[in-house]
Amino acid sequence: MNGDTPTAAEKAVVVEGGGGPPRLSAEELVAKGIVPVKPEYLCPPPVRSGGETENEEAGKEKIRTSVVKDKKSRRELKRERKQNQKSPAHICVEVARTGNADSCQYGDNCRFSHDLDAYIAQKPADLEGKCPFDSEEKVCPYGITCRFLGTHVQKDPSLSKNMPSRKSHEINNFNKDLQKLLWKNKVKFPKADAQLKLLGLKQVNKKEKSESEADQAETDQENLKENDNLESENTEAEINEENLKENDKSEEKCTFDEEDTKENVKTEEKSLFDGENMKGSDKTGEKSTLDEEITNENHKNEEKCTLDEESRPLKKAKSNDLEEITEKTTTQVEIIPKLQLRERKLIDFRGKLYLAPLTTVGNLPFRKLCKQFGADITCGEMAMCNNLLQGQSSEWALLRKDQTEDLFGVQICGAFPDTVTKTVELIDDNCEVDFVDINMGCPIDLVCNKGAGSALLTKPMRMKGVIQAASAVLDKPLTVKVRTGYFEGRNKIDSIVKDIHSWGASALTIHGRSRQQRYSKSADWDYIYKCAQNAPEGLSLIGNGDVCSFEDFNLHASRCARLDTYMIARGALIKPWLFTEIKEQRHWDISSAERFDILKDYVRFGLHHWGSDSKGVETTRHFLLEWLSYTYRYVPVGLLDVVPQKLNWRPPSYFGRNDLETLMASESAADWIRISEMLLGKVPEGFSFAPKHKSNAYDRADNG
């Protein structure tokens with residue numbers, strides 16, 4: 001640069017070669033949201049010609065067309081799957097583990113191949129490095145399928161019979177017996193059902209009826225068949241409604257919703273109360289007999305002060321009547337004792353570094369890596385309630401935790417009180433967690449379109465039902481994560497922060513962006529401070545948004561002492577050593593060799609979690625590439641004109657201090673694949689990768 005490098009304070013521009021574009025000063029780059037890299041490290045951006053882009057698009061369109069033309073029937077696809085299972089590449093797990101073709105209990109009926117010689121002939125070459133499982137005390141559970149077979153210490157596969165489980169270091173593994181019960185819809189939720197009924201939120205579902213309810217429904221159907229005239233049902237419904245209105249005025253102890261009663265009489269199903277009325281009205285013209293039956297039934301209800309749980313489940317109450325029904329029902333009967341917040345095991349969030357639940361990238365190996373750098377609190381990836389209740393193994397895998405995660409929570413997402421409450425009870429009974437977090441801030445369209453995530457911010461009464469019911473069945477702290485609001489400029493959390501605590505939440509995390517913003521623009525910390533001032537005592541408040549250095553952490557701590565701690569999300573993805581920087585109060589100018597060692601640790605943790613066979617290697621590669629789509633945004637401290645780097649600054653094209661640092665700074669997916677090959681060997685033939693997340697999506701038309 002001929003020794004004329006501009007300083008950060010200079011406003012003048014320097015023109016290289018007399019005809020090049022002007023170079024902006026550091027202040028101007030910051031104003032434009034660009035990382036101010038020292039001029040001597042800058043390089044021209046990569047050239048992407050329009051012709052190449054068009055060819056790529058044409059190629060993709062050609063592939064799409066060929067896929068449509070070659071579409072196969074389900075029968076053909078099923079036949080191909082069976083053939084692939086019998087191919088040498090899909091060898092039986094038991095045969096591979098023991099090295100004995102006769103060890104499989106299914107014998108010739110096994111769906112997978114037992115040909116050891118054929119598998120070894122087509123197996124890819126071993127990878128460099130050491131098997132993460134094999135040692136003198138243990139035997140690799142993947143046997144001959146392990147991609148590190150040559151490094152195995154124990155060469156006798158028969159020793160694997162008595163080896164410990166490969167998941168022994170992980171907690172919350174999914175029980176197969178529980179999965180079968182979930183598949184058959186035979187899991188009982190006594191706490192959830194009782195609490196939903198207590199709050200008037202239970203939705204009647206034929207599939208979830210108990211045996212007694214099913215028998216009663218059959219009895220009601222038989223009684224209905226004896227009625228000859230369908231028009232008399234409407235007349236009787238009107239009579240029931242009038243009599244109930246009169247009884248409600250005179251008898252204040254038992255109150256029923258008139259609309260629910262009217263509809264129950266019309267449909268005459270699922271209700272023992274209506275079934276008794278129909279039994280006493282076989283003759284449609286005898287109105288006086290019907291009146292006597294209704295009066296007697298109401299007197300019985302007055303003595304009990306509530307309907308029997310099995311005979312008359314409450315329907316879902318309207319949002320306007322929810323509070324009234326809850327108050328009246330609570331005075332009548334207390335179905336389950338509700339733990340007060342002070343009676344629960346509380347978590348002291350103050351001063352602890354909280355790794356945010358990160359979809360896709362915040363997996364167990366990444367959390368384990370962050371624990372090494374000083375993260376105090378970790379939380380699993382967001383799991384959908386419906387998928388957990390259906391027994392999906394892939395969703396239950398998100399609840400696993402490592403032994404090193406001493407303060408661990410799981411995050412769930414659902415749209416309705418019944419699904420969320422049942423999921424909470426299921427997790428509380430079958431998983432070891434320190435807290436459960438409900439995500440009411442997810443901006444993803446797929447989630448919001450189902451009424452979950454940020455969509456709940458537009459329905460405060462449903463938020464109330466979800467938090468109240470879930471907190472009542474959970475013995476552990478319940479936390480909630482929200483955004484400032486659904487639409488930009490229409491923040492509303494400050495008006496309900498006190499209510500969220502009274503509903504039963506122990507902690508509240510506020511992300512300083514609206515759903516419409518997604519991840520664009522800067523987080524509104526002033527609004528987070530405003531919410532903190534309105535927060536009641538006893539509610540732990542956690543701020544979230546754009547924490548990327550220890551200076552950001554200190555700034556928020558000094559401006560608002562009411563905040564207990566700060567959740568770190570994308571900052572940890574870009575540089576997981578951020579936790580060390582905060583605890584040691586320094587900017588770490590980490591070298592490329594140190595960063596590469598971090599990638600090695602992640603790969604080692606990934607192989608231990610997903611497996612050391614070919615499938616496990618490619619799964620580890622996939623998640624490594626997803627993570628590399630964030631890490632390239634890190635600019636080393638020694639290359640910056642202004643320290644520290646802000647989260648929303650876009651890195652320009654620059655040269656690193658060595659070839660490895662330059663490679664890590666590339667925004668090309670091809671270079672990310674090269675890095676993965678340095679760690680996990682060559683990619684399979686036809687391999688391609690595209691990042692899953694588009695974090696800065698911001699569309700006014702789609703999002704209001």
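L508 is in contact (heavy atoms within 4.5 Å) with V480, V482, I493, V497, I500, L539, S540, L541 and I542, leaving aside neighbours within four places in sequence. Along with W627, L508 touches the most other members of the largest nonpolar core, which has 126 residues. Such a core is a set of buried Ala, Val, Leu, Ile, Met, Phe, Trp, Tyr and Cys residues joined through side-chain atoms within 4.5 Å. Buried here means under 20% relative accessible area, exposed means over 50%, and partly exposed is in between, with a 1.4 Å probe and protein chains only. The helix that gives the most to this core is α25, with 8 residues. A second, separate core has 9 residues, among them V95, A96, C104 and C110. In soluble globular proteins, nonpolar side chains tend to be buried together.

A word on the source of all this: the model is predicted, so local features need pLDDT of at least 70 and side-chain atom pairs count only at pLDDT 80 or more, while totals for chains, interfaces and linings use all residues. Residues are numbered from 1 along each chain as its sequence is written, and side-chain values use heavy atoms, with hydrogens and water left out.

Now step back to the whole chain. It has 28 helices and 10 strands; these are DSSP runs numbered from the N terminus, with helices being H or I of at least four residues and strands being E of at least two. Of its 704 residues, 49% count as buried. Among contacts with a separation of 6 or more, 72% come from residues 24 or more positions apart.

T423 and A192 are 231 residues apart in sequence, yet 8.9 Å apart in space, C-alpha to C-alpha. T423 lies in helix α17 and is buried, with a relative accessible area of 1%. Not counting residues up to four places away in sequence, T423 touches C385, L388, L389 and I412.

Helix α17 (417-430) also meets α6, whose buried residues pack against α15 (385-389), α16 (393-396) and α17. Which residues of α6 are buried? They are L178, Q179 and L182. These cover an arc of only 100° around the axis, which puts them on the same side of α6; the arc is that of the directions from the helix axis to the C-beta atoms. On the other side of α6, K176, D177 and W183 are exposed.

Follow the chain into the loop between α6 (176-183) and α7 (190-198), and you come to N185. Its phi is near 60°, a positive value in a residue other than glycine, and N185 is partly exposed, with a relative accessible area of 42%. K521, in the loop between β8 (507-511) and α21, also has a positive phi near 60°. K521 is partly exposed too, at 43% relative accessible area. Most residues other than glycine have a negative phi, and most peptide bonds are trans.

Helix α22 (residues 550-559) has F550, D552, F553 and H556 as its buried residues. Seen down the axis, they fall within an arc of 160°, so they line one face of α22. They pack against α21 (525-534), β10 (565-568) and α24 (578-584).

The structure holds 5 cavities of 30 Å³ or more. On a 1 Å grid over the protein atoms alone, a cavity is a set of points where a 1.4 Å probe fits but cannot get out, and lining residues have an atom within 4 Å of a point. Grid points are joined across faces, edges and corners, and a volume is the space filled by probe spheres set on the points.

The largest cavity has a volume of about 90 Å³. Its lining is I574, P576, W577, R595, I598, L599, W627, L628, T631 and M664, with α25 (592-610) and α26 (614-631) each supplying at least two residues.

The peptide bond from V643 to P644 is cis, with omega near 5°, and P644 sits in the loop between α26 and α27 (659-664).

Terms used. 1 Å grid on protein atoms, 1.4 Å probe; cavity = no way out; pocket = protein on both sides within 12 Å on 5 of 7 lines; lining within 4 Å.
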